[in-house]
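Have the viewer open as you read.

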Amino acid sequence: MHHAQLKPFPQAFLWGAASAAYQVEGAWNVDGKGPSVWDTFTKIPGTTFEGSNGDVAVDHYHRMEEDVALMAEMGLKAYRFSVSWPRIFPSGRGTPNEAGLAFYERLIDALLARGIEPVLTLYHWDMPQALQDEYGGWESRRIIDDFEHYCVTLYQRFAGKVKYWVSLNEQNYNLTNAYQLGTHPPAVQDRKRFFAANHIAFLANARAIKAFRQHVPHGLIGPSFAYSPAYPASSAPSDMLAFENAEELTNYWWLDAYCLGRYPLAALNWLREQGEAPEILPGDMALLAEGKPDYIGVNYYYTLTFTDNPLGGQGLARINTTGKKGTTPSSGIPGLYKTVPNPHLETSNWDWAIDSTGMRIALRRLASRYALPLMITENGLGEFDQLGEGDQVHDDYRIAYLKSHLHACQQAMQDGVELLGYCAWSFTDILSWLNGYQKRYGFVYVDRDEQGGSLRRIRKESFFWYQQVIKAGHLLD
């Protein structure tokens, strides 16, 4: 669709930025916090880039007021952050740690005092190590009760202060790495366990949303999903079928469970044929139906292009975590699909296709299929930013990326999508999980690398660009 003129962004549009607890807070064992699976996993040699970890991260726990002041200076209307489960319940359950709750209350109050809407993520991958050790985390149905107890504790504490909540962040990406690729804790490679863990996570998500209705009746909640829309490599029927397979098994498997309370038909039948389908007990599907979200959080970075993959063909492959462009191999599921490069798109140094039109496609597909409001809960460009003379960071490539994706958001809204807001990833530079500190996303440069640093905050060129966009309420020419 080519529109003659685009409507402006709504007055109430949430111009935001985002982060996650493990990636920014540090203070990994401070004020009663218990260990998370990431605190343990990153200490195993060879798991992360140059052995980087989040023990200090960018020290947001001790520099929260400074960071919020920078958010206010930028003019943010929303800040998406996550709560660390083991900071609230060091052993995963029991009596909450007041020091942990007090930290997040100070953060929320600081945001509200500056007119910034808090967007609270309940789970962003940092499972309490105690629960992983006790019963295998997401592999046991015991986690459903423990997760609900943790969520209700936060609902009761912050219901009057937080309107927007995210239940599970990128369950698809996290558990694919955790249970198929073996690159996230608990580092398993077993597809049957993968689908079993996902089913239990769906039930926990639904129970948390069901409880939300009781405790936060005027709030909105939904999961954040890492959506990479599938493209066919060509119009060949075999590629079209591969594209359909990929969309069902890499996207709709999660989104249909969240939003429709059921699994896509062809995907479920395939998994049953392979002996990989999850065990569905009486009452499971009824619970999923009771836990439908108010909106969908969309974490969009890139599209993926698929071609046919015969039985015995290409299996899953690990992604590029080094930033050495062109090192990402083809990855697939034999009998279903495999990835191929898209010749029409440029890529980042991490081989992520730069495709702003893909964001528009993503938003339209989701809005049409699920008839729910959407929020961009992550979108950004990770690159090798350089601190120059006079504390200058010229990240014009990031500005171009964000501008094109915000333009795609505006086009999608013109197409009829209800978009609540846009939280760029990320506000400050962060620990990028397996990629270490070399992969920078932030509007604010943080002076640190894998060996450490001063942690000084430095505004990038993109900081001032986004500041002007927010002030104007529209994209600048």
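A residue counts as buried when its relative accessible area is under 20%, and as exposed when that value is over 50%. Keep in mind that we're looking at a predicted model.

With that cut-off in hand, is proline 278 buried or exposed? Its relative accessible area is 10%, so proline 278 is buried. You'll find proline 278 in the loop between helix H11 (265-274) and helix H12 (284-290). Who surrounds it? Skipping the neighbours within four places in sequence, proline 278 is in contact with Phe195, Ala196, His199, Trp253 and Tyr263. For a sense of scale, pick tyrosine 61: proline 278 sits 217 residues from it in sequence, and the two C-alpha atoms are 39 Å apart in space.

Now for the nonpolar interior. In soluble globular proteins, nonpolar side chains tend to be buried together. Here, the largest nonpolar core has 151 residues, and the members touching the most others are Tyr155, Trp165, Phe427 and Tyr466. Helix H9 supplies the largest share of this core, with 13 residues. Apart from it there is another core, made of 8 residues, including Val119, Val166, Tyr295 and Leu420.

Zoom in on tryptophan 165. Again leaving out neighbours within four places in sequence, its contacts include Leu120, Leu122, Leu154, Tyr155 and Phe158. Tyr295 is also in contact with tryptophan 165, and Tyr295 is one of the residues in the 8-residue core.

On to the backbone. Most residues other than glycine have a negative phi, and most peptide bonds are trans. Where does this model do something else?

Start with the peptide bonds. Proline 185 and proline 186 are joined by a cis one, with omega at about 10 degrees. Proline 186 belongs to the loop between helix H8 (171-181) and helix H9 (191-215). Tryptophan 425 and serine 426 are also linked by a cis bond, where omega is about 5 degrees. Serine 426 is in the loop that runs between strand E12 (419-425) and strand E13 (444-446).

Then there's phi. Glutamate 50 has a positive phi, near 50 degrees, and lies in the loop between helix H2 (37-41) and helix H3 (60-74). Its relative accessible area is 52%, so glutamate 50 is exposed. Aspartate 351 has a positive phi too, near 65 degrees. Look for aspartate 351 in the loop between strand E10 (337-340) and helix H13 (356-370).

Notes: Residues numbered from 1 in each chain as written. Predicted model: local features only at pLDDT ≥ 70, side-chain atom pairs only at ≥ 80, totals over all residues. Heavy atoms only, no water. Helix = DSSP H or I, 4+ residues; strand = E, 2+ residues; numbered from the N terminus. Buried < 20%, exposed > 50% of the residue type's maximum accessible area, 1.4 Å probe, protein only. Core = buried A, V, L, I, M, F, W, Y, C linked by side-chain atoms within 4.5 Å. Contact = heavy atoms within 4.5 Å.
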